[in-house]
Structure formats: structure tokens, C-alpha cells
Amino acid sequence: MDRNQKMIEDILKIREQIGKTPLVRLEHFPGFNLFAKLEYTNFSGSIKDRAANNILYHAIKENKIREGTIVIESSSGNFGISTALQCNRLGVDFCAVVDPQISEINLKMLRLFASRVIMVDQPDETGGFLLNRIRKVKELVEITDNSYWTNQYENPNNFLGYAGLADEINRAFSSLDYLFVPTSSCGTVVGLTRFVKQQFPDLVVVAVDIEGSMIFSDKKCKRYIPGLGAGRKAAFMEGAPVDEVMILTHEEIISGCRDLLNSHSVFAGGSSGAAYFAACKFMNGRKWQGSSPNALIICPDRGIPYIDTIYNDAWVTKILEEKTMNELMEKVG
Ligand SMILES: Cc1ncc(COP(=O)(O)O)c(C=O)c1O
């Protein structure tokens, strides 16, 4: 068997460890049924395994990833971790471009799984690191023979990778009325909107974002919770039929995470708490008549990486104080 054939076989083997994630019913909601899709049981521990696997699969099939290829991506989060672990399994080198805002635990994981981690430590003209990270990736791709940039923010195989998740949802429900999806690259929300609406055309899709994110708003502020939000508009969102957008505060997201844990024993990450808070706020704010609607939240990752932040009172107090200070400074000008 040649190397390319072996890589295809291996990427499909990894796919066997992705999906069939638990769907649980969260109890005690008057007038509606709330379900949660727990995506943290995937291969590397997050929903991003679906996008990364699909991107890598197509790149291997199209011979863009072959013997000796170095895969490159700018990611400090779950996409980077997933790509690193899948490349590790494939025997393919992976270079992650990160910045100093990366969480300690993600940096440790990337150093463990990836062949190379490059830290971009100079802020760009916006004061953030995103533009400089992308510049670094482009520079690396240009000077490295046989390199491949997964480019999750623009690669359509990102959102097409959610066909499997949509299929699991479509098979699990006989009717689905509301779907709450946290957003960053928008691969999940665009993929699910496209594939779940084929089965449930009247479904209301609610994209959930964090204050300070630039996806649906131009109001910038410091974001303290990773995973959710982005410093730019999402390339996939143009023309995507998302029905509603909810932008939550840090306080709401933290409260959502803790309620999800304390009321339902679901120990999940920041974006899951956001989806939960958004669903409760949206569904509780309406009067339901007739048969109870079905609502689903997507829970992208587990709570463990957030144990020292969202689930730590001292950290919460500190960032909320800092946030109030920043808001005051902005008002004063
Ligand atoms: C924890 C978490 N939640 C939500 C998302 C958003 O997913 P998407 O990039 O598909 O919009 C991500 C993406 O990295 C994530 O890591």
C-alpha cells in the first residue's frame, strides 16, 4: 500500500473515533424540551475534530498532504489541538502558530502533540495578534517546500465537516424547532444550518457569540473566554441563513457554565455555557402554547481546560473588575 493510501486509511480510522456523541435531555423546563449534544467525547475532546478531520481528509485525497508535508495553522484553540493530534496519528508534521494569549493548558497540549509551536509575540496594528499570526503562517507556507495551510477560517471543508453532526441530529429528532450554536470560525453554525434545515425547514437557528467579538458586531472589547468569538467577520457567514444572533456578556456565559454544571451535572467549556444561557434566555422569554417545542444546544468542549478560569471564583472576580475598569476608561475617553 502506498503512503497516500495508508494516510487515507488512517484518517478514516480516526473518523471512527469522531461522532456518535451523547444527546442528553436537560430536565425541568416549563413549556419546552431542552437537549444538549455533548461534543466533548470526540477524538481530541472537542467538536473541532469534525472540521479538522474533513479538512485533512480532503487535503490527503487531493494530494495536498503527502509524504513529508508540513501542515501549518494559526490556532491557539481546539482546532489546533485537534489538527495536532490527528497529524500526530497520521505521522505528518504539524506546525502551530500561536500567540501569548494562548492558555497554559493548550500550549502544553500543543507542545506535546505538534512537531513545532511558533509563538508570535509582536502585536499587530489592531493591538491583537491575529493579523501577525496570519502573516506568519503565509510567510511559513511561502518559504517551506511541501507545506499545507489548513486555513479553517476560509476552507469550505470546515463547514462541510459538520454533515455528520447534522445527520446525528436529524436522526435523533422527529421534530426540532430551535438550535443554539456557539460561533467562532462559524463552520459549525453554517454547516448545521445547511444540513439540519434540509430535514427541518422551519428550524430557528440561533448563533451565539460573546461581547467584543467582531463576527456579528463592530463593538470591540477585550475577550477573556477562549473558543467563542473571533476578531474578524467569518468568511462562511455571507448568505448563510442564520435566523437569530445572541451576543452574551462574560457574566452571562460564566453563569451559563455554572448553571449547566450545578443543575444538570454537565461540566463543559465556555461556549457550551453560552449556548445554554442563550437557550434559557430565549426560550424562557416566550409563551409556549400547544405542544412543547424541542430546542437543542451544542456543547463543543469539556470544562477541564476552564477549571482555573470560568470555574475559579478568584479569576472571575479579577476579570470582571478588569472589565468594569476597561468600560470606565472607555467612557472617560
Ligand atoms: C470551545 C469552542 N466552542 C465553539 C467554537 C466555534 O466553532 P466554529 O469555529 O465552528 O464556529 C469553537 C471553535 O474553535 C470552540 O473551540
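This is a predicted model: local features need pLDDT of at least 70, side-chain atom pairs count only at pLDDT 80 or more; totals for chains, interfaces and linings use all residues.
**Overall build**

I began with the secondary structure and found eleven helices and ten strands in the protein chain. Next I looked up the radius of gyration, which is 20 Å; the globule rule gives 20 Å for 333 residues, so the chain is as compact as a globular protein of that length. I then took the box along the principal axes, and the C-alpha atoms fill roughly 60 × 55 × 35 Å.

**Burial and contacts**

I checked burial and noted that 54% of the 333 residues count as buried.

**Ligand site**

I turned to the ligand and found 14 residues surrounding it, the closest being Lys48, Ser184, Ser185, Thr188 and Ser271. I sorted this shell by type and got eight polar, four nonpolar and two charged residues.

Which atoms lie 2.7 Å from an oxygen atom of the ligand? I noted a backbone N or O atom of Ser184 and a polar backbone atom of Cys186. Thr188 takes part through its side chain, where a polar atom lies 2.6 Å from an oxygen atom of the ligand. Last, I looked up how much of the ligand is covered: taken alone it exposes 380 Å², and the protein buries 96% of that.

Note on methods
Residues are numbered from 1 along each chain as its sequence is written. Side-chain values use heavy atoms; hydrogens and water are left out. A residue is near a molecule or strand if one of its heavy atoms lies within 4 Å of it. A polar contact is a pair of N or O atoms within 3.5 Å; within protein, one must be able to donate a hydrogen and the other to accept it, and residues adjacent in sequence count only if both atoms are side-chain atoms. Accessible areas come from the Shrake-Rupley method with a 1.4 Å probe; for residues, only the protein chains shown count as cover. Ala, Val, Leu, Ile, Met, Phe, Trp, Tyr, Cys and Pro count as nonpolar, Asp, Glu, Lys and Arg as charged, and the others, Gly among them, as polar. Helices (H or I, at least four residues) and strands (E, at least two) are DSSP runs, numbered from the N terminus. The radius of gyration is taken over C-alpha atoms; the globule rule is 2.2 Å times the number of residues to the power 0.38. Buried means under 20% relative accessible area, exposed over 50%, partly exposed in between (1.4 Å probe, protein chains only).
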